[in-house]
Amino acid sequence: MPDSPHILMCPPDYYGIEYEINPWMDRRRQCDHEAAARQWNDLRALIEEAGARVSCLAPVPALPDLVFTANAALIYGDTAVPARFRHPQRQGEEPVGRRWLAEHGFRLAPLVSGAYFEGAGDALFCGDTLFAGYRIRSDVRGPTEIGERFGCRVIPLELTDTRFYHLDTCFCPLAPGTAMYYPGAFDDYGRRALRELIGDLIAVGEAEARQFACNAVVVGRRVIANAGCGALRPELAARGFTLLETPLDEFLKAGGAAKCLTLRLDGEEAAAWKSAPGMGPPTIGAVPSVADAPGRRSGL
Ligand code: ARG
């Protein structure tokens with residue numbers, strides 16, 4: 001079923017709070033492994049019930065944040081721009097993500113600028129525009145390079161609140177022209193750019209933002225988020241979306257929730273390129289791709 005939503009996750013076998021690289025992490029507040037496994041399985045079940053296929057990246061000891069597959073890469077058709085993590089603690093994840101993607105038919109298009117870039121955590125399409133969070137984790141140079149390569153408009157958004165250190169913690173595209181955001185995580189320019197460019201922009205309050213409401217997985221018309229985001233239900237329902245809440249507090253301890261735990265391999269619902277001819281994901285199970293295999297787009 002090549003057209004069905006396809007999501008990459010990584011089981012939390014080695015998940016834990018082993019270092020502190022964002023304000024949510026505190027080594028004294030360890031995760032409960034059993035609860036984390038249960039929460040991860042429940043999230044996976046909801047994603048599958050929504051109609052998506054889930055593939056798993058094999059967990060690796062000593063890489064506790066590998067569960068956050070959103071950071072592995074930015075996906076664009078059959079091309080993956082792999083991450084370059086800012087913090088040494090996460091850099092060991094880079095070859096793991098790259099290997100999985102190459103083995104599953106993606107063409108790897110690493111950034112040549114050497115910029116830090118934390119994948120779909122900081123780069124999200126809404127319509128035909130790539131919105132890119134920068135400063136706390138990713139550098140602004142990365143998305144600029146990506147826009148030139150893919151020929152798409154890039155809107156860099158400076159992230160100003162360290163609690164919302166990745167764009168996917170404060171901005172969630174739902175469909176082309178529709179998104180949720182937490183205004184407090186952006187500067188004036190960012191807020192204005194989002195309001196001007198996204199016709200239907202839902203503002204999330206601080207209480208829900210702290211429950212990672214913007215860190216939602218969107219599959220079709222279902223929006224899967226951490227428990228405690230119920231205030232958004234009517235806003236979403238008015239637009240034809242159903243909110244599904246599932247407890248993910250074990251992952252909040254690392255500064256992550258639903259969306260961070262997933263990487264959409266066939267393109268997010270809101271990405272306009274999904275419906276362009278010839279822009280499908282690779283045929284899964286394909287022979288490992290070779291970097292210089294003939295591509296559907298040139299200049300990569
Ligand atoms: N502990 C991880 C970090 O700080 C959490 C990553 C969450 N991922 C995301 N896409 N927001 O890097």
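Contact here requires C-beta atoms, placed from the backbone, within 7 Å of each other. Helices (H or I, at least four residues) and strands (E, at least two) are DSSP runs numbered from the N terminus. The model is a predicted one, in which local features need pLDDT of at least 70, side-chain atom pairs count only at pLDDT 80 or more, and totals for chains, interfaces and linings use all residues. Residue numbers start from 1 along each chain as its sequence is written.

Now select residues 93-103, which form α3; its buried residues are Glu93, Gly97, Trp100 and Leu101. Buried denotes 20 or more other C-beta atoms within 10 Å of a residue's own, exposed 12 or fewer, and partly exposed anything in between. An α-helix has 3.6 residues a turn, so residues three or four places apart point the same way. After α3 comes glycine 105, with a positive phi near 90°.

Next, select arginine 135, in the loop between β7 (129-134) and α4 (141-150). This residue is not a glycine, yet its phi is positive, near 105°. Arginine 135 counts as partly exposed because it has 16 C-beta neighbours inside 10 Å.

Continue to phenylalanine 212, in the loop between α6 (206-210) and β12 (217-219). Its phi is also positive, about 65°, although it is not a glycine. Is phenylalanine 212 buried or exposed? It counts as buried, because 30 C-beta neighbours lie inside 10 Å.

Select Ala213, Cys214 and Ala216, the residues with the most contacts inside the largest nonpolar core, which has 90 residues. Such a core is a set of buried Ala, Val, Leu, Ile, Met, Phe, Trp, Tyr and Cys residues joined through C-beta atoms within 7 Å. Leaving aside residues up to four places away in sequence, cysteine 214 touches several residues, among them Cys170, Phe171, Tyr181 and Val204.

Finally, display the ligand: 16 residues surround it, and the closest are Ala70, Gly121, His166, Gly256 and Cys260. A residue belongs to this shell if its C-beta atom, placed from the backbone, lies within 6 Å of the molecule.

Key. Two residues are in contact if their C-beta atoms, placed from the backbone, lie within 7 Å.
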